[in-house]
Amino acid sequence: MSALSRTQHTRKHVIETAGGVVASQHSQAAEAGAAVLRAGGDAVDAAVATSFVVGVLEPWMSGPAGGGAAIHWRADTGEAVAINFGMRSPKGLNINDYPLSGDGKAGDLFPWERVVEDRNVEGATAIAVPGTVDGLGQAHARWGRMPWAELLAPAVSHAREGMLVDWYAALLIASTARNLAKDPDAAAMFLDDGTWPKGSGWTAIPDNRLDQSRVAASLAHMAEAGPRSFYEGDLAQAMAQDVQDKGGCLAAEDLAGYSAWMGAARPVDYRDARFHVMPGLTAGPTFARVMEQLETADLSTPAATYVAYARALDQAYAERLGKMGDDGEVPEAPGCTTHFSVVDRDGNMVTHTQTLLSIFGSRVVSPSTGFLMNNGIMWFDPEQGRPNSLAPNKACLMNVCPVLGERGDTRFAFGASGGRKIVSAVSQLASFVVDGDMDVEQAFHTPRIDMSGGAQIIADETLPTEVISALSDEKPTQTTRRTVSPYAFACPAGVMRKDGANSGCTEIMSPWGDAISEDDL
């Protein structure tokens, strides 16, 4: 058992409204999206605004120099459209630059063999070709109602002011301060005197802000010149040169040649419901495999249900890590994380996950643009001869798992951040709704387990004793509490629409996350 208080309870209030709702890991990003909905924007417009604001205000999780995936539900046509804006390895990458060290497993997110100097995890050599901006740009071009420049304006404004370093931000910066200090530009942005984490003191009112003026200038340029200006022109040239100057191989040619993939989402039928998931090199197929096993499982009691979750997740993740990779059959598909979900008044929905991969990505800042760069190369297995082995010009195998669900008159858009823990969270939330007949508030407050390819089950210690006992009989089980830090479970965000009423919720332990309605503004 943990030493945390057993009498303290954390809940998030959920409202139902006819207005649009944005659920984001940062409340001010959700407010920016909700303001777009209030101004008459589509769910896609709100997604663009939310994405760029959260990239400014939660920069260690995502940003323009990252990647991800999204699924869009179009209420007028009944289409579920997937957009894969995952990262790719640069064309000039040389696998000989990533020799195995023989020092055991890497210590960040994946059980790959360790590479010399952690070149696939940190520094400019870990940077892959970003995809987020093109994914947003393609969605906006197809469905957007409001001008691109207006949608980026809130992010530009936040960047000019600079992100406020409150206690939570200071905690996250402190967790990676030693790594950030290795890059002069990252140190200048996130540390004081290039060494000490920015913060405001134990009892002081926060007044310390990041200098994001360079980010503001880059975003302002993109607002005026459009999304492809991130990939072509002066900004793209400068970003690629910055990476090369620091020892990476990202080239202007890589950026100019990048294009996100858009196509039909994969339908997954489950009991009396249907889910729409990402196809290809994402966690969508893994989610589908989990639900396939749950359909025939015994869910008659809480103990049986959670054991079924553990078994299905364990099997699906073993298959994922052993078989999935970029094998060249879909060469057109591109490839610490954040997720947001949107529903507008008309019932259009977006479930959108974007990431830099590790917390603070590569821990490298491009000085010309101000952007914190991804470490997408870590998504590849550095050992050769495997489906997901590192190679040049190859799509990354992502953990992202945005899901749209429909059951009767209920629709929902769920997703999460949390690396390998994402599938565990999203699949259980989906089951809570379908098998447990829960609304979004009940689902997000129900305890979960995590079973993401490891040797043991991680279980919320507030689960009933008989559930913990049954899990322990199945596999070694460690109990823990849902906390602000560290996150033992993924951090979901979701919206739901039922009988024309919209609602939303975020991870209850996230101090920043919130679901904001356009009526709240």
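**Close-up views of helix packing, aromatic rings and backbone geometry**

**View 1. Packing of helix 2 against helix 4.** Helix 2 (residues 43–57) and helix 4 (residues 148–161) pack with their axes 8 Å apart, at an angle of about 20°. The model is predicted: local features require pLDDT of at least 70 and side-chain atom pairs count only at pLDDT 80 or more, while totals for chains, interfaces and linings use all residues. Residues are numbered from 1 along each chain as its sequence is written, and side-chain values use heavy atoms, with hydrogens and water left out. Helices (H or I, at least four residues) and strands (E, at least two) are DSSP runs numbered from the N terminus. Axes are lines fitted to C-alpha atoms, for helices over the stretch in contact, and angles run from 0 to 180 degrees between N-to-C directions. Helix 2 and helix 4 are therefore roughly parallel to each other; angles under 35 degrees count as roughly parallel, over 145 as roughly antiparallel, 65 to 115 as roughly perpendicular and the rest as oblique. Helix 2 passes helix 4 in a right-handed crossing (the near helix is turned clockwise from the far one by less than a right angle; anticlockwise is left-handed). Asp45, Val48, Ala49, Phe52, Val53, Val56 and Leu57 of helix 2 meet Trp148, Leu151, Leu152, Pro154, Ala155, His158 and Ala159 of helix 4, contact meaning heavy atoms within 4.5 Å. By class, the contact of helix 2 with helix 4 has 12 nonpolar, one polar and one charged residues (Ala, Val, Leu, Ile, Met, Phe, Trp, Tyr, Cys and Pro count as nonpolar, Asp, Glu, Lys and Arg as charged, and the others, Gly among them, as polar).

**View 2. Packing of helix 2 against helix 3.** The axes of helix 2 and helix 3 (residues 132–143) come within 9 Å and cross at roughly 155°. The two helices are therefore roughly antiparallel, and helix 2 passes helix 3 in a left-handed crossing. Helix 2 contributes Val44, Asp45, Ala47, Val48, Ser51 and Phe52 to the contact, and helix 3 contributes Thr132, Val133, Leu136, Ala139, His140 and Trp143. Eight nonpolar, three polar and one charged residues make up this contact.

**View 3. Packing of helix 11 against helix 13.** Helix 11 (residues 284–294) and helix 13 have axes that come within 10 Å and cross at roughly 45°. Their orientation is therefore oblique, and the crossing is right-handed. The contact joins Thr286, Phe287, Val290, Met291 and Leu294 of helix 11 to Val423, Val426, Ser427, Ala430 and Ser431 of helix 13.

View 4. The structure holds 16 aromatic pairs (ring centres of Phe, Tyr and Trp, its six-membered ring, within 6.5 Å; planes under 30 degrees apart are stacked, over 60 edge-to-face and the rest tilted). Among them, Phe190 and Phe360 form an edge-to-face pair, 5.0 Å centre to centre with 85° between the planes. Both Phe190 and Phe360 are buried (under 20% relative accessible area; exposed is over 50%, partly exposed in between, with a 1.4 Å probe and protein chains only). Ring pairs link Trp60, Trp167, Tyr168, Phe190, Phe360 and Trp512 into a cluster.

View 5. The peptide bond from Ser485 to Pro486 is cis, with omega near -5°, and Pro486 is found in the loop between strand 17 (477–480) and strand 18 (491–498). Arg363, although not a glycine, has a positive phi of about 60°. Arg363 lies in the loop between strand 12 (349–355) and strand 13 (403–407) and is buried, with a relative accessible area of 7%. Asp437, likewise a residue other than glycine, has a positive phi near 55°. The loop between helix 13 (422–434) and helix 14 (440–445) holds Asp437, which counts as exposed at 52% relative accessibility.
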